[in-house]
Amino acid sequence: MAGECVPEGPDLSEMGEEELWELINDNRHRISLGVRPCILIPYLRQARVLTEMDEDEILSCHNLTNRSMRTSYMLDLLRTQGRNGAVALLESLMIHYPTLYTQITGRKPSTEPSRFSGLIKYSELTEYLVRAVTGMQKELQEARCEAGRMSTRCASLESEIRQIMGQEEKSRCLQNENERMRRHLCSLQHDITKLKDEKCDLYMRYTAAIEEKSAVNMRLHDLNLQVYQLQTELQKAQTENEFQKRRSLRCAPHADTPQLQEEVRSLRCQLVKAEKLDPARQDILAQDLAEAIGSQVELAEQLRCYREENEKLLSEKQGLLDQKECLSLQVEQLTLDINMHQQKNTVIQNQMRELQTERDQAYLSRDEAQAMIARVLAEKDTLRCQLVELQQRVFSLPAKCSPREQRQSCDKSEMNWEGSSCEESLLPARRRLCRMDAVNPTSLNSCHSECEDAAASSVRSRNAEPPSPESLRRREEALYADSSLETAETDSLLDDFVFLPDVGSEDKQTPRLSSPNGSSTDGLSRTSAPPFLMRSRPKAIRVNGRVLSISFQGEALLSQLAVIGGNKTGVFVHKVTEGSAAHTVGISPGAQIVEVKYEQNQKALSMVLEDSTLEEAMWALGQITGLCHLSLRPRQDEYEMLLQQLQSCETSSGDSFYVRVNMSLPAGPNGTLAVSCNDILHVTNTRPTGTEDSWHASQVHPCQLLDLQSGTVPNYYRAQRLLIRAIEDMSFQAKKSQKAWRVVPQNKEKAVRIVSTGRQGRNPLWVSVEDEKTKSTDSDDTSAAKSLVSLMPYTLVTPHYPPICRPVLLLPSVLGRILDNKLAGWQGFQLCEPEVLSSSEHAAKLQRSEILEECEQGRNCCYTLQSVEKVMKKGIHCVLPLGLDCVRRLHRAEIFPIIIFIGQTARSARKVRSKLQRHGQSEEQLLVCSRSEEPLLDKLPCLYHSVAPDSWCDQTSLLTSLRTIIWEEQKKIVWVEPDLW
């Protein structure tokens, strides 16, 4: 309906070549932005205005980095075809982009045969339309399948989200329960505090009662003394009274007798009063004593009750503490589960958003495809109707022409064809595509100047703007001038490459590169094995898939270009110095450096930088002093993503790997990180700004892949020198202590771990430099290279996440055999049982390395991997009564045991003397076994846990601490290094 409102523009068949191209150039910007060349090229190929080489150049040229540049370059190629190119372009726009066609020409798109120029026959045009409809139907079917897959995926993700929401609700309930239990625990702790205060008050009252009791006892003692004194005085008074009475009776006259009798009566009254008074006092004192004794009994009973209550409270407190520990463990586990579920939920939500966007895009593309298919089917029906009408007209015409007239018409048609061919021959011949020439290092300057002149007078347009008439005129002149210089290209490899001879041979020949006119060098031996191939022409760009091999003069290469990246993202070219050799050969930012080849000291060397760190890449590029060959891969999207991360400070470089530290390093100035032996570091930058011999690293959380404290550490070779110095200091101190007849005390923390490169003979953290000559050397040189050993301050490690329960290996093996049965008796542990195999089964398992250790020689009784896996499938820990030799076999089967080494001294060996004697062992054998197995732990490719000799007092406490250690080790990440032994 929209097409009916468009006014009819001029007829295209009446317009000339200049008018057509002026119309196209006026809308060049709109065509460059709205047209995809890959859609128009099949029609243009069928119209014979583009060749296969033109198609490859448009779609595969690495200089055309976006769609607009490809479309503009296609218009430039069609401009050289004159009017046919313009007509074919407009016809292809009428078929594939009818709206754009209407905007350019002002005419409605139509599929009538009269609207086509005749560049394509009707049968070929129908076949092309059928192919286009078939392709659209396939695209529609694929879009429908993709939409079905997306809907299925969305349904599955929605079900997963519902499950995760249910799990989140459960976790929220568990959190509420945890909060309730925590509040209950706080209230119980408050009650315990109150009980403690009451107990303290009772103790105070009990002390006061004891003090009162002692005071009452003292008072009673004083009263008894007073009673005794009164009784003594009474007896004395009675004696004196008797004596005076007798004396008075003897000596006193009768006149004094009444007087004496009065005195006697008074004394008797006093005596009676005294006798009456003493029993009352005694009763009072006896009553006070009875009360004191009763209060003492009551206090003793109260004290006993309080002691019983105290014991009950202590037991309840211990139970609450155990319950608190269990609840805290459950809370930690639930917190980890909640974090994991939240992360999964976030990832799923992101995937859902991506899937929704993809689904919307799929729906839009499906609607567009359906609309296009409907439109094409309608056009196809109209074309079929027109074709039927034309066939009927042709069959209805009377055959009135005579043979003479037919011959005349044939002659006229031949003359017309000859005239048209002559006119086409007068048009300027387009230059045929040819393979690019190689860089001649000796003529780089001349090539550079020529490239600059060519760039200044370039007539090739890669912009959306139309070219000027002057540029078109220069293009015609350049095409005429280049047509005379074109040479045929051979398909043989010997013409495309020259072989660099073995520079280590006796007759050393310096390869002379070809001259600019293409003449090859003399004296090159083609029969010798070439170290690498090099183009014999200038501008060496050899497309190998998506990897480009570029040869140029690399003197001071780091001054010609700057690189960024690392082993995680790849090493990219960041900046190129203008006017340098790298800029001349076309190296641009965003290309990844895959490999570098160069010659040094008359040796051809090759270094692969695809997975190298930034430090390695800069060292490798700094070694180049002459001709070099760089293999580049264009990865513009990854390069831009890395730049965004660097600008937003998400990362400091493209490096990211984990290492295990084999020495202790103290903290230093300028943010130097303090690390201990066997620590795990995450190295994020091997070339920090301002330093050349340091790495930027972070300590890793033991249970999660999270970076903790960060800082700088020495790089590999500076750390290697520090390690050698530390070993020399340790040996000097040992010799000094031996001369002074002293025993050096054993350090609680390990200082160094001696690890060498083993059979590799080189640093595994450094880029490998391959000498092409050494590949064919004798076996003596190979054995000499293998014997090289160097100390490693850092070793590469990879994280592993083990299953729920890992096997347990206790060392030393003498003590481990004793503790294995005790540990296996606990809940959650089971002892690994040996299996009795037949001879054939034993041989087969031995060949597959499934036998961990032999029990008895000659009986085929052994411990196998299947027995360990059988216990692990039950969800419990498998206790291994084995030695250290089984660790590497378990690692090959992706089974990572928990290794616990119990340190031994003469004092700790005496703690288990009775157990050793019961198993037929002695303390000396235990110490010898411990000393022999402890050095072997450093050779294991994994971490282990050491138990100090003075951290346990008996077997029960040792087993309790082992259970806690196993529970902690189970939560940690297993870091495994490549087995260098």
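This is a predicted model: local features need pLDDT of at least 70, side-chain atom pairs count only at pLDDT 80 or more; totals for chains, interfaces and linings use all residues.
How are H4 and H5 oriented to each other, roughly parallel or roughly antiparallel?

Residues are numbered from 1 along each chain as its sequence is written, and side-chain values use heavy atoms, with hydrogens and water left out.

Now the helices. Helices here are DSSP runs of H or I with at least four residues, strands are runs of E with at least two, and both are numbered from the N terminus. Helix H4 covers residues 52-60, and helix H5 covers residues 67-79. Their axes come within 9 Å and cross at roughly 155°. Each axis is a line fitted to C-alpha atoms over the stretch in contact, and angles run from 0 to 180 degrees between N-to-C directions. So H4 and H5 are roughly antiparallel. That label is for angles over 145 degrees; under 35 is roughly parallel, 65 to 115 roughly perpendicular, and the rest oblique.

Who touches whom? On the H4 side we have Asp-54, Glu-57, Ile-58 and Leu-59. They meet Arg-70, Tyr-73, Met-74 and Leu-77 in H5. Contact means heavy atoms within 4.5 Å. The residues of this contact split into 5 nonpolar, no polar and 3 charged. Nonpolar means Ala, Val, Leu, Ile, Met, Phe, Trp, Tyr, Cys or Pro; charged means Asp, Glu, Lys or Arg; the others, Gly among them, are polar.

Next, rings. The whole structure holds 5 aromatic pairs. Rings of Phe, Tyr and Trp (its six-membered ring) pair if their centres lie within 6.5 Å; planes under 30 degrees apart are stacked, over 60 edge-to-face, the rest tilted. Tyr-716 and Tyr-717 make an edge-to-face pair, 5.4 Å centre to centre, with 75° between the planes. Tyr-716 is buried, at 3% relative accessibility. Tyr-717 is partly exposed, at 33%. Buried means under 20% relative accessible area, exposed over 50%, partly exposed in between (1.4 Å probe, protein chains only). Elsewhere, ring pairs link Phe-657, Trp-695 and Tyr-794 into a cluster.

Last, the backbone. The peptide bond from Leu-811 to Pro-812 is cis, with omega near 0°. Pro-812 sits in the loop between strand E16 (808-811) and helix H20 (813-824). Asn-678 is not a glycine, yet its phi is positive, about 75°. Find Asn-678 in the loop between strands E10 (657-661) and E11 (680-685).
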